[in-house]
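Here's a quick briefing to read with the structure open beside you.

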Amino acid sequence: MDVEAPGPPPLPRRMALVVALLLLSPVCAEYLIGYDQIIGRPLELLGGLLILAPLYGTVAVLIREAARRTGRGWPTIVLLGAAFGLVQAGLIDQSLFNPDFVDEPSWDRERLPTHIPELGLSAKYLLGFVAGHVIWSFGAPIAVIEACAPRYAGRPWLGRTGITTMLVLYGLGAAIIFREHTRDFMASPAQLGTTAAIAVLLGIAAFALPRRSAPVPGRVPPPWLVGCGAVVLWGTNQLAPASWAGVALAAFVLAVAAGCLIRYSGRRGWGHRHVLAAGGAALVVNSALAFVVEPLGETSYPAKYAVNSALLVGVLLLLTCIDHHLRRSKGTAAPPWRS
């Protein structure tokens with residue numbers, strides 16, 4: 001049985017886990033789906049991590065750290081992810097409100113069918129941006145990296161110096177992106193204020209939740225079935241059309257996913273392999289859909305498909321190796337939802 005370690009992870013192990021999460025978060029957030037024109041330029045992808053790791057990776061690390069330090073689990077991580085998703089899309093790059101954020105016809109094709117003039121935003125983008133950050137920017141990377149070290153999944157990884165470093169790096173990354181994207185556009189005070197207020201309320205709700213409790217008896221599906229179900233749900237969410245019916249469909253499948261996770265994750269048989277299956281499925285979905293995504297701007301398609309293939313193979317190898325490790329360490333025993 002995989003028993004939690006009596007103390008914090010050794011410093012080298014903690015640093016390795018933090019760096020892995022710092023890098024995996026922006027890769028999942030921006031690169032797997034392959035929508036940007038730099039997808040065909042591997043050197044620019046590597047260079048982009050210098051900005052994206054502070055912007056996304058530090059938030060993933062801090063969200064995880066806040067939840068684990070306060071004895072809370074995945075509900076808190078999800079709510080904090082939603083709060084930071086609003087901050088990112090509504091306050092920092094302001095893609096939620098900027099009608100000309102991307103100078104491509106596809107931006108309006110996706111935005112206009114569910115545009116709400118009174119709010120100055122698209123319902124599809126609101127749901128897509130926030131859910132995208134919760135799942136791909138923060139949730140799935142945390143699930144995958146914690147599965148690499150199941151003995152330490154419920155424990156803090158950073159001290160005061162590490163937390164301060166993450167905060168400084170995030171501030172620098174956010175400032176660069178904010179300056180870049182607000183040169184020609186600035187959301188209204190009402191939009192900014194409302195977004196900030198909702199983000200704060202989500203943050204308060206995240207810490208108002210009760211702390212972890214003992215798991216309850218009950219059957220849980222095997223990890224492979226969790227993974228297959230998650231692929232269907234995450235894939236349906238990503239493929240939902242740009243229409244009000246599509247928004248309703250995406251919201252429905254996200255609600256089904258949340259309901260299933262809440263139902264099963266508090267049971268005694270739920271373990272790290274189940275969490276890996278749910279989070280890993282998100283990585284597989286985006287890296288597979290990348291082959292049919294049209295990049296914004298010009299790119300070399302042979303190079304694009306080569307990068308798409310490398311990312312997909314990398315995701316499959318990573319998940320296979322972690323799952324093999326969990327099988328050997330009997331990682332299904334520890335209930336990570338409550339830890």
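Let's start with a serine: apart from neighbours within four places in sequence, Ser-106 is in contact with Tyr-125 and Leu-296. Keep in mind that this is a predicted model.

**Ser-106**
- You'll find Ser-106 in helix H4.
- Ser-106 has a relative accessible area of 23%, so it lands in the partly exposed class.
- Ser-106 and Leu-79 are 27 residues apart along the chain, and their C-alpha atoms are separated by 30 Å.

**Gln-94 and its backbone**
- As background, most residues other than glycine have a negative phi.
- Where does Gln-94 sit? Gln-94 is in the loop that runs between helix H3 (74-92) and helix H4 (105-111).
- Gln-94 counts as buried because its relative accessibility is 0%, and the cut-off for that class is under 20%.

**Gly-120**
- Gly-120 is another loop residue, placed between strand S1 (115-116) and strand S2 (121-122).
- With a relative accessible area of 18%, Gly-120 is buried.
- Which residues does Gly-120 touch, not counting those up to four places away in sequence? They are Leu-96, Phe-97, His-115 and Gln-191.
- Gly-120 and Gly-218 are 98 residues apart in sequence, and C-alpha to C-alpha they are 46 Å apart in space.

**Ala-196**
- Ala-196 belongs to helix H7 (residues 189-208).
- Its relative accessibility is 30%, so Ala-196 counts as partly exposed.
- Along the chain, Ala-196 and Leu-86 are 110 residues apart, yet their C-alpha atoms are separated by 7.9 Å.

**Asn-237**
- Asn-237 is part of helix H8 (residues 223-239).
- Is Asn-237 buried or exposed? It counts as buried, at 10% relative accessibility.
- Setting aside residues up to four places away in sequence, Asn-237 touches Trp-136, Ala-250, Val-253 and Leu-254.
- Some of those partners come back below: Trp-136 is among the H5 residues that contact H10, while Ala-250 and Leu-254 are among the H9 residues that meet H5.

**H5 against H10**
- Two packed helices are described by the angle between their axes and the distance between the axes.
- For helix H5 (residues 123-148) and helix H10 (residues 272-289), the angle is about 130 degrees and the axes are 8 Å apart.
- H5 and H10 cross in a left-handed sense.
- On the H5 side, the contact uses Ile-135, Trp-136, Ala-140, Ala-143, Val-144 and Ala-147.
- On the H10 side, Val-275, Leu-276, Gly-279, Gly-280, Ala-282, Leu-283 and Asn-286 take part.
- Sorted by class, the contact of H5 with H10 has 10 nonpolar residues, three polar ones and no charged ones.

**H5 against H9**
- H5 also packs with helix H9 (residues 244-265), at an angle of about 25 degrees and with axes 9 Å apart.
- So H5 is roughly parallel to H9, given that angles under 35 degrees count that way.
- The crossing of H5 with H9 is left-handed.
- From H5, the residues involved are Ala-123, Lys-124, Leu-127, Ala-131 and Ile-135.
- They meet Trp-244, Val-247, Ala-250, Ala-251 and Leu-254 in H9.
- The contact of H5 with H9 divides into nine nonpolar residues, no polar ones and one charged.
- Ile-135 shows up in the contact with H9 and also in the contact with H10.

**Cysteines**
- How many disulfides are there? The count comes to zero.
- A disulfide needs two cysteine sulfur atoms within 2.5 Å.
- For Cys-228, the closest cysteine sulfur is in Cys-260, 14 Å away, so that is too far for a bond.
- Cys-228 is partly exposed, with a relative accessible area of 43%.
- For Cys-321, the closest cysteine sulfur is in Cys-148, and 9.5 Å is likewise too far for a bond.
- Cys-321 counts as exposed because its relative accessible area is 53%.

Notes:
Residues are numbered from 1 along each chain as its sequence is written. This is a predicted model: local features need pLDDT of at least 70, side-chain atom pairs count only at pLDDT 80 or more; totals for chains, interfaces and linings use all residues. Side-chain values use heavy atoms; hydrogens and water are left out. Buried means under 20% relative accessible area, exposed over 50%, partly exposed in between (1.4 Å probe, protein chains only). Axes are lines fitted to C-alpha atoms, for helices over the stretch in contact, and angles run from 0 to 180 degrees between N-to-C directions. Helices (H or I, at least four residues) and strands (E, at least two) are DSSP runs, numbered from the N terminus. A crossing is left-handed if the near helix is turned anticlockwise from the far one by less than a right angle, and right-handed if clockwise. Contact means heavy atoms within 4.5 Å. Ala, Val, Leu, Ile, Met, Phe, Trp, Tyr, Cys and Pro count as nonpolar, Asp, Glu, Lys and Arg as charged, and the others, Gly among them, as polar. Angles under 35 degrees count as roughly parallel, over 145 as roughly antiparallel, 65 to 115 as roughly perpendicular and the rest as oblique.
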